[in-house]
Amino acid sequence: MIKKLISKLFTPRAPRPILGVKRHAPLRVPKEKHGIDRRLVSRHAIKVCDVLHEHGYEAYIVGGAVRDLIVGAQPKDFDIATNATPEQIQPLFRRARIIGRRFRLVHVVFGQEIIETSTFRASGTDEQTTDEHGRILRDNVFGTLEEDAARRDFTLNALYYDPATEIVIDYHNGVADLQKKVVGIIGDPAKRYREDPVRMLRCMRFAAKLGLTIAPATKAPIRDMAHLIENVPASRLFDEMLKMLTCGHALDCLRRLRAEGLHKGMLPLLDVVLEQPGGEQFVKLALERTDVRVRSGKSISPSFLFAALLWQQVNQRWQQHQAAGELPIPALGQAVDSVLDDQTEKLAIQRRFVSDMREIWFMQPRFERRQGKSAWRMLEQPRFRAACDFLQLRAATGEVDSVLAQWWMDLADAGDAERAAMLEDLARQPRASGDAPARKRRRRSKPKTHPAGGEGGAAPAGAE
Ligand code: ATP
Ligand code: MG
């Protein structure tokens, strides 16, 4: 009897699958195969791993950083996964704070750089942690390295790099997928999308950003499941949308979203916009310019981007209100309010961005008045530069006079003396064709929704 019990205890049992994923030993991929250049790894991330190792813990660089390093791209940031708990991690570093209420992790701070350090996590599997659609509401249980790998989304995001040995631990053939240029989800695709519909969007983003194809089984259920995006909290959608728009391949992302029907829960106006004559051209140009800026390492402004995405709709409604007899500025106010109302039902654009978008839009008609003090007043507006860039987009698509747009650009770029000379010059000239007639200028009624002033937001699109 005792013998039987002992043998039962010590005979290795076939491991139970994790999240339906069959278990097997991970690949230990050496440097020659994964090709990560250690010089591209943040020394602070290496430091965090070293300290954790010295104290007897496991620690790896994980997630997006490993993926980007393998394809030779410079990672945005470095995350660490470890078997140490937040309480064990924190005292090991001079500047470290525990953050997060639901899943606590540690921010280890080195000057400007923050190394996010989390404890291996297991995915919640019991029914109570999901909503009625199967969406995961809670996944805050610590786990093993293997469980941590299984709860990640794509094989290429489930790689663990040990900077000390330069070995990548790979449970799901992520290195091979990356080398074959394939995005593949871990586990059963439909189940993983039900757990978290944002994974469908992430799939499109990684494919666009890294030039990958989506594995057929990973792609197959997306069309039919696209509607699940509607159950995702608006703030999370906003974060993901922003990542797509600023990944350097925004246009490709939006095209992919549209092809799979994923845009309906995010940018309901996208279809309308892209189908309008000139609409696609405007959005395409805005996104192309954004992509160029991102790829050359420049900052871009989210409010500028959202203003561009929704402009066609604003413009169309603005014209309709004017045709119905309203004055230009109140008509614009009405158009802006109705577009923002329609849009924020789906994707809540953060308030500080909305206020910048309004400023960018409301400055557009004011660019047509250059005489007197109005040009100086325009220059003092906090969003002047972004609004001026926006005017350039409109000129490039033939919506406004390109001579007028260039004049404003020159004014924006000029020094004080040059500006004064330009404005004096203008005062001497007969009214240029692009300038609004005096009748319009006297009507300065502002819509009541116009923001009082610029709130702190991201840098204007062209600011630097
Ligand atoms: P990027 O930072 O470029 O968006 P990333 O892969 O680093 O890419 P993060 O959102 O920073 O994305 O997430 C870090 C890691 O956490 C991912 O690489 C992945 O392993 C895991 N992860 C993130 N989001 C999910 C998700 N929705 N489902 C499962 N795992 C996820
Ligand atoms: Mg990341």
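The model is predicted: local features need pLDDT of at least 70, side-chain atom pairs count only at pLDDT 80 or more, and totals for chains, interfaces and linings use all residues. Residues are numbered from 1 along each chain as its sequence is written, chains are lettered from A and ligands numbered from 1 in the order in which they are written, and side-chain values use heavy atoms, with hydrogens and water left out.

I start with the ligand. Around ligand 1 there are 15 residues, and Arg67, Asn157, Asp196, Arg199 and Arg205 come nearest; near means a heavy atom within 4 Å. By class, this shell holds 1 nonpolar, 3 polar and 11 charged residues. Here Asp, Glu, Lys and Arg count as charged, Ala, Val, Leu, Ile, Met, Phe, Trp, Tyr, Cys and Pro as nonpolar, and the others, Gly among them, as polar.

Next, individual atom pairs. Arg152 places a polar side-chain atom 2.9 Å from an oxygen atom of ligand 1. From Asn157, a polar backbone atom is 2.9 Å from an oxygen atom of the ligand. The protein covers 83% of the 580 Å² of accessible area that ligand 1 has on its own (Shrake-Rupley method, 1.4 Å probe).

Which elements give two or more residues to the shell? They are helix H4 (64-70), helix H9 (198-210) and helix H12 (234-245), and H9 gives the largest share, 4 residues. Helices are DSSP runs of H or I with at least four residues, strands are E runs of at least two, and both are numbered from the N terminus.

Now the lining. By class, the largest pocket is lined by 15 nonpolar, 8 polar and 25 charged residues. H9 again gives the most, here with 6 residues.

How values were computed:
Polar contact = N/O pair within 3.5 Å; in protein donor to acceptor, adjacent residues only side chain to side chain.
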